[in-house]
Amino acid sequence: MPGKIDVHQHLLPPRYLEALAAAGDLMAGSGAGAQAVAGGSAQWNPWAESGGTAARTGPQAVGGWLMPEWDPESAIAMMDEKDIETGILSISAPGVHFGDDAAARELARELNDYQAELVREQPARFGHFAVLPLPDFDGAVAEAVRALDELHADGVLLLSNAHGRYLGDPAYEPLWTELAARSAVVFVHPTAPPIQQLPGMPTALLDFPFDTTRTAVDLVAHGVFDRHPELRVILSHAGGFLPYAADRFSAAALFNPGTTPEGIQAGLRKFYFDTALSATPTSLPSLLAFAEPGHILYGSDFPYAHPDWSARFDHSLTTYDGPGAERLGAVHRSAAERLFPRLAT
């Protein structure tokens with residue numbers, strides 16, 4: 001039987017680690033710089049003897065965070081152990097833009113070429129979401145077109161905000177137009193919001209779910225799905241707290257002319273959701289009650305999530321027998337096959 005399709009798997013090639021280190025050095029002491037490189041973390045395992053505060057692997061320190069080690073061989077070893085047939089790779093936060101448009105364009109191009117080569121070499125084991133040099137919107141449009149048309153990327157990665165500009169911002173409209181013209185799959189991953197981090201509350205721990213929710217509601221309330229119904233958009237980490245609070249967000253219609261509560265709800269239900277670090281006995285009932293059939297996808301969050309921690313969520317997913325459990329059969333593979341026909345068996 002074919003294995004799982006993992007839509008939330010990251011890569012950290014040497015070129016990206018070099019760029020992160022250079023950005024950290026360049027922006028050391030800058031509030032904006034410190035936030036820009038705070039999106040990554042060591043492999044987390046809060047049940048480890050260290051309490052999860054020490055990295056299991058990875059000597060590289062970027063912006064005060066230790067980064068996990070990664071290479072294609074370790075990714076495949078993890079996938080073999082967890083019965084994952086294909087991992088769709090993406091660059092995680094903080095992305096590729098560290099203040100210079102030209103450098104961001106070059107880095108995005110290099111990383112997308114690298115990912116495309118991995119897929120060419122092992123198309124059954126890897127896919128990839130192209131990274132874009134946002135908030136350079138012109139550069140992002142050009143790179144999205146190149147990655148989808150020439151590199152045959154499986155979709156594109158968008159961070160929840162690009163230096164404070166959220167996905168409903170009108171500046172994204174030319175990009176949405178090109179993505180919709182290709183019925184592209186868009187993978188939304190959180191990054192640091194433009195707010196002060198709370199003491200003892202790492203951005204990836206607390207702010208990521210918040211920022212995913214914030215950008216999802218912003219996208220819908222500003223009519224992106226209304227203008228571009230062809231888009232397929234995946235939200236990381238079960239959509240933050242979107243499924244739990246979706247009815248509340250219908251009130252966005254009060255403040256956005258031309259929208260209705262029913263329209264807001266319909267838009268929010270268009271999203272797809274991955275299970276990375278989010279499948280628990282308390283979260284799954286809400287997610288299953290809200291998501292449309294076939295809109296929940298498997299995610300591991302490798303290599304940022306320590307395998308032991310990730311295994312806890314996998315166990316909760318496979319043993320869940322609460323409300324909506326009958327719909328979980330599609331999560332591991334068939335739901336993703338409909339989004340990525342090349343992986344269909």
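Student: Helices here are DSSP runs of H or I with at least four residues, and strands are runs of E with at least two, numbered from the N terminus. How many helices and strands does the protein have?

Tutor: There are 13 helices and 12 strands. This is a predicted model, in which local features need pLDDT of at least 70 and side-chain atom pairs need 80 or more, while totals for chains, interfaces and linings use all residues. Numbering starts from 1 along each chain as its sequence is written, and side-chain values use heavy atoms, without hydrogens or water.

Student: OK, helices. At what angle do α9 and α10 pack?

Tutor: Helix α9 (residues 242–249) packs on helix α10 (residues 261–268) at about 165 degrees, and their axes are 9 Å apart. Axes are lines fitted to C-alpha atoms over the stretch in contact, with angles from 0 to 180 degrees between N-to-C directions.

Student: Is that roughly parallel or roughly antiparallel?

Tutor: α9 and α10 are therefore roughly antiparallel; that word is for angles over 145 degrees, with under 35 roughly parallel, 65 to 115 roughly perpendicular and the rest oblique.

Student: Which residues make the contact?

Tutor: From α9 they are Leu-242, Ala-246, Asp-247 and Phe-249, and from α10 Ile-264, Gln-265 and Leu-268. By class, five are nonpolar, one is polar and one is charged. Ala, Val, Leu, Ile, Met, Phe, Trp, Tyr, Cys and Pro count as nonpolar, Asp, Glu, Lys and Arg as charged, and the others, Gly among them, as polar.

Student: How do α4 and α5 cross?

Tutor: The axes of α4 (residues 101–121) and α5 (residues 137–149) come within 10 Å and cross at roughly 15 degrees. These two helices are therefore roughly parallel. On the α4 side, the contact uses Arg-105, Ala-108, Arg-109, Asn-112 and Asp-113, and on the α5 side Asp-138, Gly-139, Glu-143 and Arg-146. That contact has one nonpolar, two polar and six charged residues.

Student: New topic. How many aromatic pairs are there?

Tutor: A search of the whole structure finds nine. Rings of Phe, Tyr and Trp (its six-membered ring) pair if their centres lie within 6.5 Å; planes under 30 degrees apart are stacked, over 60 edge-to-face and the rest tilted. The ring centres of Trp-70 and Tyr-114 are 6.5 Å apart with planes at 65 degrees, so this pair is edge-to-face. Trp-70 lies in the loop between β3 (65–66) and α3 (72–81), and Tyr-114 lies in helix α4, 44 residues apart.

Student: Is Trp-70 buried or exposed?

Tutor: Trp-70 is buried, at 9% relative accessibility, whereas Tyr-114 is partly exposed at 29%. Phe-129 and Phe-187 make a stacked pair, 5.1 Å centre to centre with 10 degrees between the planes. Phe-129 sits in strand β5 (residues 126–130) and Phe-187 in strand β9 (residues 185–189), 58 residues apart.

Student: Last one: where is Ser-278?

Tutor: Ser-278 is in the loop between β11 (272–274) and α11 (284–290), and is buried at 13% relative accessible area. Apart from neighbours within four places in sequence, Ser-278 contacts His-237, Ala-238, Ser-283 and Phe-313.

Conventions. Contact = heavy atoms within 4.5 Å. Buried < 20%, exposed > 50% of the residue type's maximum accessible area, 1.4 Å probe, protein only.
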